[in-house]
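I opened this notebook to record what I looked up in one structure. The entries follow the order in which I consulted it.

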Amino acid sequence: MAFHTSEKEASHKLTCFATGFHPKNIDIQWSVPGTDLSCSSDSAALVALSDGKYQKSCNMALSEEEWRKPKMYICTVNHSSTNTLIKKVLYSSGTVSTPINTTVLSMQPPSFEDLFLNKSAALTCMAPLADTTMNWTVSWLTDGQPANMQAVTTEVLNKTSAAWISSQLVVNLTEWKATIRFACTISIGLGEVKQLYERRNGENSWQGWAGHLVYEV
């Protein structure tokens with residue numbers, strides 16, 4: 001899992017955390033696009049749990065000024081038991097200033113806990129919604145075929161600065177290992193945005209179709 005907490009004296013901490021894994025060798029890393037970042041000194045070293053499994057975290061300290069800059073922070077966990085790289089994305093508070101009619105589609109891959117502990121994979125697709133009265137639809141494809149919509153949950157999240165469409169596709173571990181490409185499409189009004197998540201040889205990659213949604217005034 002990955003999360004942000006506000007610390008004292010206008011500082012911020014990002015935590016990338018994995019628990020319940022075995023064997024103990026694991027790689028946890030924070031990065032921004034194109035640059036790997038170092039874990040801070042208060043990160044938790046490898047801890048042995050009572051059930052013979054392990055947990056570990058990688059923390060990163062940011063000043064108020066750094067947190068206000070528009071950046072995407074990526075938590076990456078690599079463990080042999082999942083045969084894949086697990087990535088979670090956190091957006092700094094500076095990304096809130098992005099114009100609401102410029103739509104950025106964000107797709108979150110399954111967490112380490114989902115794959116290793118729950119034996120399932122949940123992919124989440126999100127896009128800002130400028131006007132909650134507009135018609136919108138969400139569709140998912142798995143290897144080019146329509147996904148089982150009974151495995152999809154979609155809702156509108158009303159956050160402080162904007163509303164977001166959030167859609168989640170959940171598949172079991174067998175389906176996850178058998179599928180190479182997951183594609184999410186969100187259509188709002190007259191336009192649409194798409195995001196492709198691809199698994200290849202145990203590694204993951206994202207491919208996005210750049211585009212803005214067209215809103216009628």
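**Entry 1**

I began with an open sheet of four strands, in the order 1-2-6-5 and with antiparallel pairing. Its edge strands are strand 1 (2-7) and strand 5 (47-48), each of which pairs on one side only. Strands here are DSSP runs of E with at least two residues, helices are runs of H or I with at least four residues, and both are numbered from the N terminus. Two strands pair if DSSP finds at least two bridges between them. I noted for myself that strands of a sheet pair through backbone hydrogen bonds, either parallel or antiparallel.

Strand 5 pairs with strand 6 (residues 54-63) in the antiparallel sense, over two bridges. Val 47 stands opposite Gln 55 in strand 6.

**Entry 1: what kind of model this is**

The model is predicted: local features need pLDDT of at least 70, side-chain atom pairs count only at pLDDT 80 or more, and totals for chains, interfaces and linings use all residues. Residues are numbered from 1 along each chain as its sequence is written, and side-chain values use heavy atoms, with hydrogens and water left out.

**Entry 2: the whole chain**

I found three helices and 17 strands in the chain. The chain has 217 residues, of which 43% count as buried. Buried means under 20% relative accessible area, exposed over 50%, and partly exposed in between (1.4 Å probe, protein chains only). I also looked up contacts, defined as heavy atoms within 4.5 Å. Among contacts with a separation of 6 or more, 58% come from residues 24 or more positions apart.

**Entry 3: an enclosed strand**

**Entry 4: the disulfides**

How many disulfides does the chain contain? I counted three, a disulfide being a pair of cysteine sulfur atoms within 2.5 Å.

Another joins Cys 39 to Cys 58, with S to S 2.0 Å. Cys 39 is in the loop between strand 4 (35-37) and strand 5, and Cys 58 is in strand 6, 19 residues apart. The link of Cys 39 and Cys 58 is left-handed, with -105 degrees about the S-S bond. Cys 39 is partly exposed at 38% relative accessibility, whereas Cys 58 is buried at 0%.

Cys 125 and Cys 184 also form a disulfide, their sulfur atoms 2.1 Å apart. Cys 125 is in strand 10 (residues 120-129) and Cys 184 in strand 15, 59 residues apart. With -100 degrees about the S-S bond, this link is left-handed. Both Cys 125 and Cys 184 are buried.

**Entry 5: a residue in strand 7**

Is Thr 76 buried or exposed? Thr 76 is in strand 7 (residues 72-79), and I recorded it as buried, with a relative accessible area of 14%. Leaving aside neighbours within four places in sequence, its contacts include Cys 16, Ile 28 and Leu 85.
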